[in-house]
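This report describes a single protein chain. Its parts are taken up one by one below.

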Amino acid sequence: MKKIAFLIATALLIAGIAYFAATLSAETPASPVPEASATSVSKAGSKKAKEKKAKKQKKTTTAKSPVGEAIATDRNPLLKVIVPAGVANERINHKAYACYFNAQHRIPNCVIYELSATEIALCDGPGAEKRKNYKFYADPLCAASPDWNEYKGSGYDRGHMAPANDMKFDKTAMAECFYMTNMCPQIHALNDGCWRQLENAVHYWAKRDKRVIVAAGPVLKKKMSKIGPDKNISVPGAFYKVIYAPNQGRAIGFIFNNEKITGSYTKHVVSVDYVERMTGLDFFSTVDDALENLMEASTDVQQWIDGKEEK
């Protein structure tokens, strides 16, 4: 009887051990795959968030302006002006304009710049540079540059060729437009009259047409009166301005006598060809010849005016 009881107990013990082993084997995988830890999940999420943020920032910083990326003045082919052989000339590249300076007359042959709708928005915005914060200085890049006080007592304004109103988008551009290589002696009534009217119109045209190329300067003659302590700064008898709208493929010119002028700037329209004949300069030579010939012959100012220029 004892033997039978012992055998039964032994059998139950073996069965129990076998059941426990089978249960343990079923609950524990033969080749376990470790689950991602909280730290690794956090790192993956953080990496994904950073990539998303970087992608968003890249999209923001590379967004193109209405006219594309700005081209430095020394690499912009539209700012090339061909000056006649024998005319004193030195090209000076500033941030926002190129100056073709005449050391013999100590005034520029031409000042030319590109003005975009993006820059106009900054010029007219709340963060625009203020003219009162800037003063006239000799151009540090030009040994023949007049100093600010050489016009003092002459009876002439220091007339900007590249106007301050078009340079308010940037501190450097604004400071450099007050260099004396950008100035010519101008009668105040012209500087503050028709010349300013046209500057305001060009400012609007740049905004409307997305970008314009603007060139301005004096009409030089052999005999001109002189100002300055050494009487070596020539006073031009007239000034020109030419404007080219690349997106629209049109150009126009203006010439003003250096005197008091009444009425509208539109009465002084000429073709770019005429300005070139008067000055000997060659503008926009890198434009396709057929287009250049067509647009430089035009005097149709109505292609430019839409009635909003004075607003």
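## Asparagine 232

Asparagine 232 is partly exposed, with a relative accessible area of 25%; buried means under 20%, exposed over 50%, and partly exposed in between, with a 1.4 Å probe and protein chains only. The residue is found in the loop between β8 (226-227) and β9 (233-234). Helices (H or I, at least four residues) and strands (E, at least two) are DSSP runs, numbered from the N terminus.

Leaving out residues up to four places away in sequence, asparagine 232 touches Gln104, His105, Arg106, Glu150, Lys226 and Ile227, where contact means heavy atoms within 4.5 Å.

## Model and conventions

This is a predicted model: local features need pLDDT of at least 70, and side-chain atom pairs count only at pLDDT 80 or more, while totals for chains, interfaces and linings use all residues. Residues are numbered from 1 along each chain as its sequence is written, and side-chain values use heavy atoms, with hydrogens and water left out.

## The sheet and its helices

Seven strands form an open sheet in the order β2-β3-β4-β7-β10-β11-β12, and the pairing is antiparallel. Two strands pair if DSSP finds at least two bridges between them. At the edges stand β2 (90-93) and β12 (269-270); each has a single partner strand, so one side of each is left without a neighbour in the sheet. β7 and β10 run antiparallel and are joined by six bridges. Alanine 215 stands opposite valine 242 in β10.

Helix α6 packs on the sheet, where α6 touches β4, β7, β10 and β11, and its direction makes about 10° with that of β10. Helix α7 (residues 272-279) also packs on the sheet, touching β7, β10, β11 and β12, at about 45° to the direction of β11. Axes are lines fitted to C-alpha atoms, for helices over the stretch in contact, and angles run from 0 to 180 degrees between N-to-C directions.

## Nonpolar cores

A nonpolar core is a set of buried Ala, Val, Leu, Ile, Met, Phe, Trp, Tyr and Cys residues joined through side-chain atoms within 4.5 Å. The largest has 52 residues, of which Tyr97, Met167, Trp205, Val212, Ile243, Phe254 and Phe256 touch the most other members. Among the elements that each supply at least two residues of this core are β4 (107-116), α6 (194-209), β7 (211-218), β10 (238-245) and β11 (250-257). α6 gives the most, with eight residues. Apart from this core lies another, of 25 residues, among them Val81, Tyr100, Val275 and Met295.

## Aromatic pairs and charges over rings

The structure holds ten aromatic pairs. Rings of Phe, Tyr and Trp (its six-membered ring) pair if their centres lie within 6.5 Å; planes under 30 degrees apart count as stacked, over 60 as edge-to-face and the rest as tilted. Tryptophan 195 and phenylalanine 256 form an edge-to-face pair, 5.9 Å centre to centre with 80° between the planes. This pair links helix α6 to strand β11, its members being 61 residues apart. Phenylalanine 254 and phenylalanine 256 are stacked, 6.4 Å centre to centre with 5° between the planes. Trp195, Phe239, Phe254, Phe256 and Tyr265 form one aromatic cluster.

The charged end of lysine 241 sits over the ring of tryptophan 195, 4.6 Å from its centre. The charged end of arginine 250 sits over the ring of tryptophan 304, 4.6 Å from its centre. A charge sits over a ring if NZ of Lys or CZ of Arg is within 6 Å of the ring centre and within 35 degrees of the ring normal.
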